[in-house]
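Thank you all for coming; I would like to walk you through one model this morning, a piece at a time. Please keep the picture open while I talk.

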Amino acid sequence: MSSESRVVRGRVGKERSLQRWAAENPLAVLAGVFVLLFLVTSAIQPGFFSVSGVRNTLLQAAPLGILAAAQTVLMLTGGIDLSVTMIATGAAYVAANQSPNGAAIAILMGLLVGLIVGSMNGVGVAIFRVNPLIMTLAMSSILLGLFTAWTQTVLAGSTQVAPFIRMLGGGSWMGSVPYSVVVWGGVAIALIWLLRRSGWGRLIYAIGDNETAARLAGVRVWQVRLSAYMLSGVLSAIAGILLAGRTGAVDLQLAGAFLLPSVAAAVIGGTSIFGGMGGYSGTILGALILSVLNSLLTFLNVGQAIQQMVYGSIVLALAWGYASLTRRS
Amino acid sequence: MNQSQVLLATQGVAKAYGPVVALRGVDMTVRRGEIHALLGANGAGKSTLVKILAGVQPADAGKVYVEGRTVQFHTPADAIAAGIATVFQDPALIPDLTVAHNLRLSRIDEAKFQAWLERFGLGKLDLGALVRELPLETLRIVDLARAAARAPHVLLLDEITAALTADQAERVFDLLTEWRAQGKSAVLITHRLAEVMRICDQATILRDGRNVAELVTAEVDEHQLVEAMLGASVEPMLKTTQDATATRRFGETALEVRGLTDRHHVRGVSFAVRSGEILGLVALEGQGQDRLFDLLSGARRPAAGEILVAGKPCRFHSPYDAVRRGVVLVPGDRLIALLPNQSVHHNLALPLFNHLRRWLRIPADERPRVQRAIERLSIDVRAASQVRRLSGGNQQKVVLGRWLVSGFRTLLCFDPTRGIDIQTKREIYALLRELAAQGAAIVLYTSELAEISLVCDRALIMHDGRIVDEQDAATATESSLLKAAHGLEVGV
């Protein structure tokens, strides 16, 4: 009897320690989920497990990952940006419109759009204390209206995207590493450094964790918030320019499908929508998982309706799983 | 005593909140037709007892009797059904509903309620008004009229007169006297001893969660009440810091305020604190001390008056302005000052990044500075990855330590030892003395009167928004401080 109970205890102990390991290394668990999904997809679609399969996944994930970067920064402050996809679309329109002036000007003007709209969001949220959901939702609607009115006039020329931008969005270095992934990598390194190794990063976490505490410590919270929305605008613009380059033609639906995945990637990656907890490395894995999932559902060939439902259920399961995993610790 | 005379009684009622013991066993007897005062210093357990009698919280031990029968209150509705109606210290009304909606929620007959309002001189109150738009004194009356409309046998009033005008308080006393004549009873919690002497028949005095005296008010005077609240033998307090008293030398004036005024709570406060000095502030609850600290730390702007830092007039628009001039705050509620999910290190280093030029570069000496603060405060870093896992005492050390990391000139401490174990208290006292010896100016509000003679050089006493007295900490006694805090003349 005693030996039996010891065996049982041993097994329970092993399960416990496995759970603890998972709770302490949630990123490893996410990476595991990614690899698993990748292998399942390869089993369904034999051609997927190849250089081109990996490249396609990364190519899909890059704009999503960059939009999710914007979302991650804002969620860490306890905010959100529902206008990321409209900012991306606007930057894409302007980049296409300005392409005749050269790629450099086109890209700069596109980024400027992001900076301006992001600043407007930031002023609304940080200074006039508008709820970020309302502010960015309203901004998104206003932008949609503007672009609809301007497509044939101010923003005409949506199909004349400069060759350099096309290469950036859709081309690959030596035929294997997509340039958009290189851009994403640069964004990722810069953002992870900022969040972990800069004073600004400390403040982003601080105001999301307890705004009052930050204010009492002498932090001017509005400056931090404003800067976060500005950065979000610029990141969205980068994603929009890459998308313009990939499709070669800009339309109003260019980035629309990325809005909810950009939030989902951050949540799956462990960033709390209440702020103060999380980081960009998790979001990267979240974006990769969602991209593979997308390919998987496409290959399954089950029709749009089922695809949407399965996608939603898996996102829910992943987010719930992450939350319950880390709460236990 | 005739048992049928007793309307409400408690026996050995005890209550603890985690490790903090609020009530250690209270016996109280309220007779029919009696106005009963429940008195005690801050933290003696009065409000906890009210919550138990009102059915808001269950007692851990002990019994409550109503008209001789044992009762057990699981919810406030049980207490109301037993004939006990309570008016709490803070209005128990939902701010975003109208007065009429609030009444409907608590199933109060509007006609009866209206009749009571008229008695209190508020007959013209618009019941369609949102609660949050009404002033505090109106809400207290609304709460009281609601309680009265339930026609209870016992009315529990927690600090009812604190927010009322003299005229309204008079009407409340009229009601209570009339109530008494009908054989009903009331329990009155108040800091205003004059009221006790005037309208109460009996007084139960709580100290450290126990009833220490039962007095007939006609037989005692106010000073005797105060002494009963304090007890003859004040706990032998720690002798860690006062030894260096002889050699204290003060420097320049670090912080001075002149005629500082906020709309209601702070009325023309003036004082100065010099570097090297610890200035104590003593006040009963709700005398405007929290607002005063808000004004000093830049959390609120004053309506009138001047703040001078090192002799220069300053306007604090936000805490940033105060922190930049070296005036820093350790707030009363440490949870509002902590980043619960960040590490001890990040919490301690937070003020280092409150300037734009620090946004990109983390200063090279950050780590050693934080390390020095951790060592100096002996912060337990076993659970350092998230501050919310630390004990209360350790959390308080983190809040204090933050300012050691960044440096400061004037430290505003609001009750820094509340709810903290004795060992940590001792460490905090020693630290404050040490900081003062190194030239810091410290303003210390404390609800523990013993801390004044233990830590401070000088004490200001605040009553009803004003500084009413100043005492030398070396000669001040708890009784002289408490009398002054009650607005009594000292030296009688």
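Predicted model: local features only at pLDDT ≥ 70, side-chain atom pairs only at ≥ 80, totals over all residues.

Residues are numbered from 1 along each chain as its sequence is written, and chains are lettered from A and ligands numbered from 1 in the order in which they are written.

Let me start with chain A. Two packed helices are described by the angle between their axes and the distance between the axes. Axes here are lines fitted to C-alpha atoms, for helices over the stretch in contact, and angles run from 0 to 180 degrees between N-to-C directions. Helix 8 of chain A, residues 179–197, and helix 9 of chain A, residues 199–209, have axes that come within 5 Å and cross at roughly 75°. That makes helix 8 of chain A roughly perpendicular to helix 9 of chain A, a label that covers 65 to 115 degrees, whereas angles under 35 count as roughly parallel, over 145 as roughly antiparallel, and the rest as oblique. On the side of helix 8 of chain A the contact involves A:L194, A:L195, A:R196 and A:R197, and on the side of helix 9 of chain A it involves A:W200, A:G201 and A:I204; two residues are in contact if their C-beta atoms, placed from the backbone, lie within 7 Å. By class, this contact of helix 8 with helix 9 of chain A has four nonpolar, one polar and two charged residues. Here Ala, Val, Leu, Ile, Met, Phe, Trp, Tyr, Cys and Pro count as nonpolar, Asp, Glu, Lys and Arg as charged, and the others, Gly among them, as polar.

Helix 9 of chain A also packs with helix 11 of chain A, residues 221–247, at an angle of about 105° and with the axes 10 Å apart, and these two helices are therefore roughly perpendicular to each other. From helix 9 of chain A come A:W200, A:L203, A:I204 and A:I207, which meet A:V221, A:V224, A:R225, A:S227 and A:A228 of helix 11 of chain A. The residues of this contact of helix 9 with helix 11 of chain A divide into seven nonpolar, one polar and one charged.

Now to chain B. Is strand 8 of chain B, residues 185–189, mostly covered or mostly open? Strand 8 of chain B is mostly covered, with five of its five residues buried, and buried means that 20 or more other C-beta atoms lie within 10 Å of a residue's own, exposed 12 or fewer, and partly exposed in between, with C-beta atoms placed from the backbone. On one side are B:S185, B:V187 and B:I189, and on the other B:A186 and B:L188. Strand 3 of chain B, residues 35–39, runs parallel to strand 8 of chain B and is joined to it by four bridges, with B:H36 opposite B:V187. Strand 7 of chain B, residues 154–158, is also parallel to strand 8 of chain B, with five bridges.

A further sheet of chain B is open, with six strands in the order 16-17-18-13-19-20 and mixed pairing; strands pair if DSSP finds at least two bridges between them. Its edge strands are strand 16 (327–330) and strand 20 (466–472) of chain B.

As for the two chains together, 24 residues of chain B are in contact with 22 residues of chain A. Helix 10 of chain B, residues 319–324, gives the most to the chain B side, with four residues.

Finally, the backbone details. A:N301 has phi near 60°, a positive value in a residue other than glycine, and lies in the loop between helix 13 (280–300) and helix 14 (304–328) of chain A. A:N301 is exposed, with 10 other C-beta atoms within 10 Å. B:A310, not a glycine either, has a positive phi of about 50°, and is partly exposed, with 16 other C-beta atoms within 10 Å.
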